[in-house]
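Please open the structure in your viewer and keep the sequence beside it.

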Amino acid sequence: MNIRLAKAEDVVGMQQANLVNLPENYHIRLWIYHIITWPQLSYVAEDPKGRIIGYVLAKIDEESEDKTADIHGHINSISVMRSYRRLGLAKKLMLLSQDAMASIYKAKYVSLHVRETNKAALGLYRDTLGFKVADTEKEYYADGENAYMMRFNFENES
Ligand SMILES: CC(C)(COP(=O)(O)OP(=O)(O)OC[C@H]1O[C@@H](n2cnc3c(N)ncnc32)[C@H](O)[C@@H]1OP(=O)(O)O)[C@@H](O)C(=O)NCCC(=O)NCCS
């Protein structure tokens, strides 16, 4: 398996993987917008035939109205096709995106939302990558499930 930066040509394959793996789906324009706006933050994993079998879609958060707030990255979506799981792909995708957030954008931390019941993702974020739960957002998801808002601080970055 090969992991590389996502390109605009990858958005259909990324969107397809997202549709298979997650109930939270996005318009193709959002995928393209992310890759064009923050071209160093989103990555894909491909099989030997070049088919996309995993991705991470990320951004620098611009939503805060508080201009003094720390610049930070945000993971919008990550998934790996079922038959390629537990091989360390998601961990690698996350670390590549996080490294770019800290080194290129000087982000102070990275945040994300995860379903309270998503054991695999919680294992990845909390146990493997060291994220901490910063908040619980009630009924964040369309089906009413709560989200944990999780954060990881880039302590050693300037
Ligand atoms: C969550 C997901 C992206 C993990 O992808 P992955 O490539 O299998 O993850 P990795 O192989 O990099 O796993 C790294 C670590 O995460 C944890 N982890 C991964 N899957 C796990 C599972 N099913 N149960 C518990 N812990 C798990 C483990 O700590 C694992 O380390 P280990 O294999 O050494 O024990 C994948 O399960 C997936 O695509 N799920 C559906 C989509 C999704 O839920 N995305 C996250 C939305 S917030």
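**First stop: Tyr84**

Select Tyr84, which is partly exposed because its relative accessible area is 22%; buried means under 20% relative accessible area, exposed over 50%, and partly exposed in between, with a 1.4 Å probe and protein chains only. This is a predicted model, in which local features need pLDDT of at least 70 and side-chain atom pairs count only at pLDDT 80 or more, while totals for chains, interfaces and linings use all residues. Residues are numbered from 1 along each chain as its sequence is written, and side-chain values use heavy atoms, with hydrogens and water left out.

Tyr84 lies in the loop between β4 and α3. Helices (H or I, at least four residues) and strands (E, at least two) are DSSP runs, numbered from the N terminus. Now display the surroundings of Tyr84: not counting residues up to four places away in sequence, Tyr84 touches Met1, Asp47, Ile53 and Leu89, where contact means heavy atoms within 4.5 Å. Asp47 is 37 residues from Tyr84 along the chain, and their C-alpha atoms are separated by 9.3 Å.

**Second stop: two loop residues**

Select Arg86, which is also placed in the loop between β4 and α3. Most residues other than glycine have a negative phi. Arg86 has a positive phi of about 60° although it is not a glycine. With a relative accessible area of 86%, Arg86 is exposed.

Is Lys106 buried, partly exposed or exposed? Lys106 has a relative accessible area of 41% and is therefore partly exposed.

**Third stop: the whole chain**

Zoom out and show the chain as a cartoon. Four helices and seven strands are present, and along the sequence they follow the pattern β-α-α-β-β-β-α-β-α-β-β. Along its principal axes, the C-alpha trace spans about 45 × 35 × 30 Å.

Why may the chain be described as agreeing with a compact globule? A compact globule of 158 residues would have a radius of gyration near 15 Å, and the chain has 15 Å, so the two agree. The radius of gyration is taken over C-alpha atoms, and the globule rule is 2.2 Å times the number of residues to the power 0.38. Of the 158 residues, 43% are buried. Among contacts between residues at least 6 apart in sequence, 62% join residues at least 24 apart.

Select Tyr43, which belongs to strand β2 (residues 43–46). Tyr43 counts as buried because its relative accessibility is 12%. Arg4 is 39 residues away from Tyr43 in sequence, yet the two are 5.6 Å apart in space, C-alpha to C-alpha. Leaving aside neighbours within four places in sequence, the contacts of Tyr43 include Arg4, Met14, Tyr55 and Leu93.

Select α4, residues 119–128. Its residues Ala121, Leu122, Gly123, Leu124 and Tyr125 are buried, and the buried residues of α4 pack against β4, α3, β5 and β7. Just after α4, Gly130 takes a positive phi of about 85°.

Rolling a probe the size of a water molecule over the atoms shows where empty space is left. Here, a pocket is an open set of points on a 1 Å grid over the protein atoms alone where a 1.4 Å probe fits, with protein on both sides within 12 Å along at least five of seven lines; lining residues have an atom within 4 Å of a point.

Which residues lie nearest the centre of the largest pocket? They are Ile78, Asn118, Ala121, Leu124 and Tyr125, out of 45 lining residues. Strand β4 supplies the largest share of the lining, eight residues.

**Last stop: Asn146**

Finally, select Asn146, in the loop between β6 (132–137) and β7. Its relative accessible area is 14%, and Asn146 is therefore buried. Leaving aside neighbours within four places in sequence, Asn146 is in contact with residues including Val114, Glu116, Thr136 and Tyr141. Lys59, by contrast, is 87 residues from Asn146 in sequence and 22 Å away in space, C-alpha to C-alpha.
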